[in-house]
Amino acid sequence: MNHPDAVDRELKSLLKSKAEDVAIPEPVQNAVENVLSSLPKQKRKKRFPSTRWRWLAAAVVFFVLLSAISVSTVPIFSEMLRSLFAKDNPDIGLLRAQELGLVHNPHIKVKDKGYTLVINEAVADPTRVTIALQLFDPKGKHNRDKLVIGYENQITIMDSEGNQIDTMYDMGYTNDFYYLVAFFKEPLQTDRITVEGHVQKLGQRNETPIEGDWNFSFDMDMKEANSKTTIEELSGSYTTPHGMTVTLKRLTRMVQGVRLELETELSDEAMARSPGDLWENQMLSFHFETMDKEEIHAVNPRKQGFMDSLMTSDHTVIGNGKMHWSYTFKYLPEEESYRFVLDAYSVAEQDGSQIAFKPAELVEPKGYQVLNDHFELNGTALEESDMEQDTDEMVISFYAELENEFDNNVWKAVDVLGNEYEVDRRGVSFLANTLPDNWREGLISMGDRGMKQPYHFEIKGLSHIPEQLTLIREVVDKRYQDPNWSVLLNP
């Protein structure tokens with residue numbers, strides 16, 4: 001038979017541990033404490049054995065707790081039950097982790113200055129670390145805007161040797177909790193990680209900060225997650241009409257994601273169009289589809305409303321003209337067959353296309369065709385330079401519809417005297433004329449005609465509007481959309 005003091009200690013430990021798993025408003029906490037403190041003082045009646053009476057008292061404690069919450073803070077109680085696995089937060093990688101029993105409860109509850117930081121769910125595998133963090137104010141209400149993860153508040157991930165692997169950031173995504181993640185470009189190789197939180201300031205920049213100590217640390221064992229990782233070697237190679245050879249390498253399946261690796265190599269002719277290190281500026285566009293041609297995921301498409309589950313991507317130079325690419329997705333089919341389809345790619349190449357114009361003649365918009373890209377110059381003006389105080393610089397407003405990419409384009413301006421000027425750009429761009437069932441068609445629209453917000457070229461160092469000016473595109477981010485290749489996976 002258990003001694004009454006031992007039972008009391010057991011009950012208190014149980015109730016305390018349950019209370020620590022949630023953030024409870026102070027009035028409710030006081031009610032719980034009052035009941036707990038009264039347990040040892042109760043006189044045992046003969047018809048109730050000691051153990052039975054105390055467990056009945058435990059039920060009363062929970063009834064008090066539940067009643068207090070139900071009566072005064074029903075919305076708050078519902079907030080406490082929010083989860084990474086709620087129906088409105090679907091994530092197939094997290095659901096897989098839950099199915100395999102890999103969800104960790106670190107029992108983190110840190111309170112200071114009336115605010116309580118709580119972490120009850122964390123998931124880790126070689127793909128990523130995901131944490132649901134909640135911050136409760138003194139009234140027990142979750143505050144989604146009080147904690148800013150960044151320079152002053154950091155959550156870092158350390159490997160088993162104490163080396164910092166990554167830092168976590170808040171994805172936003174939901175108002176129910178701080179959705180903290182860290183994605184790994186390469187599969188993590190360690191048997192244990194430590195998550196360390198350095199949280200010492202609450203409040204947005206426009207608020208008076210609340211300084212305190214909400215630091216925390218907990219370990220996560222990676223052995224079980226690591227054991228679920230499998231590697232599948234792939235085969236298939238193809239050379240495009242313009243000289244890029246694409247070779248599939250492998251699929252690495254992990255609990256929360258799937259990593260695709262492939263390699264590309266440019267021919268001598270393709271390399272000649274991209275001398276020096278220009279060729280290193282590349283981008284691939286591809287998608288996966290079922291045998292019924294239903295889209296699974298797409299990467300860098302021109303398609304309208306595409307499916308996106310890309311978590312990380314990376315590419316590195318492995319030789320002259322050779323690149324290694326890796327992409328990590330939340331999901332790819334495991335059992336049924338599906339296809340990898342190469343849609344397009346881009347490479348930075350030498351161009352030299354020119355747009356010569358006289359600013360005084362831009363009374364009305366004037367169009368120019370540059371390769372397969374259309375530019376419409378609207379006007380010029382002088383604006384205050386952001387490089388040199390009390391100095392103006394020439395700005396050219398325009399709209400454009402581009403078949404090619406734009407990120408790696410390089411422009412310069414030349415006046416009639418042969419002086420050359422660096423050209424910067426600013427404005428908004430978006431995809432236009434895309435199709436819902438075509439991954440290749442569509443243009444990049446520069447500037448918003450509907451909102452009458454043109455794009456701008458900023459001519460650095462040109463402090464007057466010349467009689468004539470020539471814009472030269474030295475480098476074009478050339479897009480090729482003529483590949484004709486797909487590979488059957490899981491045949």
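Leu 431 is partly exposed, at a relative accessible area of 39% (buried is under 20%, exposed over 50%, partly exposed in between, with a 1.4 Å probe and protein chains only). This is a predicted model, where local features need pLDDT of at least 70, side-chain atom pairs count only at pLDDT 80 or more, and totals for chains, interfaces and linings use all residues. Residues are numbered from 1 along each chain as its sequence is written, and side-chain values use heavy atoms, with hydrogens and water left out.

**Contacts across the sequence**

- Leu 431 sits in strand S27 (residues 429-432); helices (H or I, at least four residues) and strands (E, at least two) are DSSP runs, numbered from the N terminus.
- Leaving aside neighbours within four places in sequence, Leu 431 is in contact (heavy atoms within 4.5 Å) with Pro 301, Arg 302, Leu 443 and Ile 444.
- Arg 302 is 129 residues away from Leu 431 along the chain, yet their C-alpha atoms are separated by 7.0 Å.
- Over in strand S11 (residues 210-211) you'll find Glu 211.
- Again skipping neighbours within four places in sequence, Glu 211 is in contact with Lys 113, Gln 200 and Lys 201.
- Glu 211 and Lys 113 are 98 residues apart in sequence and 8.1 Å apart in space, C-alpha to C-alpha.

**Helix H5**

- In helix H5 (residues 92-99), the buried residues are Gly 93, Leu 94 and Ala 97.
- Those buried residues fall within an arc of 100 degrees seen down the axis of H5, so they line one face of the helix; the arc is that of the directions from the helix axis to the C-beta atoms.
- Their cover includes strands S1 (103-104), S3 (115-124), S4 (128-136) and S8 (178-183).
- Just after H5 comes Gly 101, with a positive phi of about 70 degrees.

- Met 171 is in the loop between strand S7 (169-170) and S8.
- With 35% relative accessibility, Met 171 counts as partly exposed.

- Strands S19 (residues 310-319) and S20 (residues 322-329) run antiparallel and are joined by eight bridges; two strands pair if DSSP finds at least two bridges between them.
- Thr 316 stands opposite His 324 in S20.
- Two residues lie between S19 and S20 in this hairpin, and Gly 321 in the turn has a positive phi of about 80 degrees.
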